[in-house]
Amino acid sequence: MLSCVLALTLIGAPFCLAQDDAAALVIPDIVTSERERCGGIFDMHLHLSPWFSEVDGLLDELDVSLVDQGILYAVYPRLSMPGQRDPNEVVSEMALASKERIFGFASLNTTHDDWSATKETELNRLLRFLDRPEFVGAKLAPPHTCLPLAGERIEDVVHAVAGSSTPILAIHVGTTPFCGPLGEAVGLKTCCSREYVDPSLLAPLMELYSNTTFILLHAGHDFLPPDDPKGNYYNGTLVDKSIQLALDYDNVYLEISAMHAEAVPREMEDNFKYPGGYTAIQKMADAGAVDKIIWASDGNHIKGALVEVMKESFEDMIKAGMTDDQRCAALIGTPKALFGIPDLNSTLVSLPTPDSNSTSASAFGPMHGWALALGYATTGILLRMM
């Protein structure tokens, strides 16, 4: 039986989120075996999304997907709304309510026209949350916020993080699908020219702040097609640059999320929306950079879609020649060591029974990208409602 939930984006376009209450989430054998062998799975790339308003909804999703712990990101929308809550506060509440299964990455708003007039307020807010034990780092999304990777703003942010009690900074490098028709359709201003996406521009900061861990989110992956009308397709060269930075600097790591998103959610047919995930991982292996890989999904925008990302990315890690130990380091060992997260006292995630396999899943079909767009475009509304 289908039910429909209507959501309104910031541009006023309604989305009908069809849900099949009888849909069963099948856990691929590779996900079960990798989790059992490694002693758990840690997902360092989770987002707030319109399909859950309390942490229990997210934890249920992690349960059925066999993810033990993860990191939830605070994302600042470009538009503010009356009564809107600070996303750091929302993430904080969810993390504290999760009994150490969810931790947070704090963030700030770097989009103000007059940075000199607002930076003290924004940086102090960031530092205040970084001092809280439920936060294990900070996160920036330069192409989403049109933040140049060189210049005063990012220098100020890195300096603040480096001097904080939590000197870890995760930065989206490479393009975003929102620089294409998807972003235009939902009215998002984004920037994917080289000054916003080229990780090599961060090299001076990586060298200057050697005490700070830099995690390159998506490792420079191309999320725009070769025929992008604005010419923002980099043909894997930003992945090459990300790998070189990880080889050159001990404090730089490669996060491989979103490379294995399926064009049609839950089909698990190797029909990737953003091709090139295997090639990127193979490049890392060939360069001797596998010890710098951190696995993550960026896959909880649609309920029930996380496990498909796990299956496809795990298969490519094996195909690229990563050993059992190297894969376990990427899946749980490296991130937990970097973030100082202790092991759980007991296994909180149980293998699903046939009954617990059942879950509601958004039936976006081929409109997979719209789920991601909905999450970003409605962030302001979501924070207003929480």
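1. Start with Ser257, which is buried in this predicted model. Its relative accessible area is 0%, and since buried means under 20%, Ser257 clears that cut-off.

2. What does the side chain of Ser257 make a polar contact with? The partner is the side chain of His45, at 3.2 Å. Setting aside neighbours within four places in sequence, His45 also turns up in the list of residues in contact with Ser257, together with His218, Phe223, Ala296, Ser297 and Asp298.

3. Now step back to the whole chain. There are 15 helices and 10 strands, and 59% of the 386 residues count as buried. Take the contacts between residues at least 6 apart in sequence: 79% of them join residues at least 24 apart.

4. The largest nonpolar core has 97 residues, and Met44 and Phe339 are the ones that touch the most other members. Helix 6 (residues 152-162) gives the most to this core, with six residues. Another core lies apart from it, made of nine residues, including Tyr196, Val197, Leu224 and Tyr234.

5. Phe339 deserves a look of its own. Which residues is Phe339 in contact with, leaving aside its neighbours within four places in sequence? They are Phe42, Met44, Ile71, Phe105, Val136, Ile168 and Ile215. Met44, then, is in contact with Phe339, and these two are the pair named above for touching the most other core members.

6. Back to helix 6. Its buried residues are Ile154, Asp156, Val157, Val158, Ala160, Val161 and Ala162. What covers them?

7. Last, a helix pair. Two packed helices are described by the angle between their axes and the distance between the axes. For helix 2 (residues 55-65) and helix 12 (residues 306-319), the angle is about 40° and the axes are 9 Å apart. The crossing of helix 2 past helix 12 is right-handed. Helix 2 brings Glu61, Leu62 and Ser65 to the contact, while helix 12 brings Leu306, Val307 and Met310. Sorted by class, that comes to four nonpolar residues, one polar and one charged.

Key: Residues are numbered from 1 along each chain as its sequence is written. This is a predicted model: local features need pLDDT of at least 70, side-chain atom pairs count only at pLDDT 80 or more; totals for chains, interfaces and linings use all residues. Side-chain values use heavy atoms; hydrogens and water are left out. Buried means under 20% relative accessible area, exposed over 50%, partly exposed in between (1.4 Å probe, protein chains only). A polar contact is a pair of N or O atoms within 3.5 Å; within protein, one must be able to donate a hydrogen and the other to accept it, and residues adjacent in sequence count only if both atoms are side-chain atoms. Contact means heavy atoms within 4.5 Å. Axes are lines fitted to C-alpha atoms, for helices over the stretch in contact, and angles run from 0 to 180 degrees between N-to-C directions. Helices (H or I, at least four residues) and strands (E, at least two) are DSSP runs, numbered from the N terminus. A crossing is left-handed if the near helix is turned anticlockwise from the far one by less than a right angle, and right-handed if clockwise. Ala, Val, Leu, Ile, Met, Phe, Trp, Tyr, Cys and Pro count as nonpolar, Asp, Glu, Lys and Arg as charged, and the others, Gly among them, as polar. A nonpolar core is a set of buried Ala, Val, Leu, Ile, Met, Phe, Trp, Tyr and Cys residues joined through side-chain atoms within 4.5 Å.
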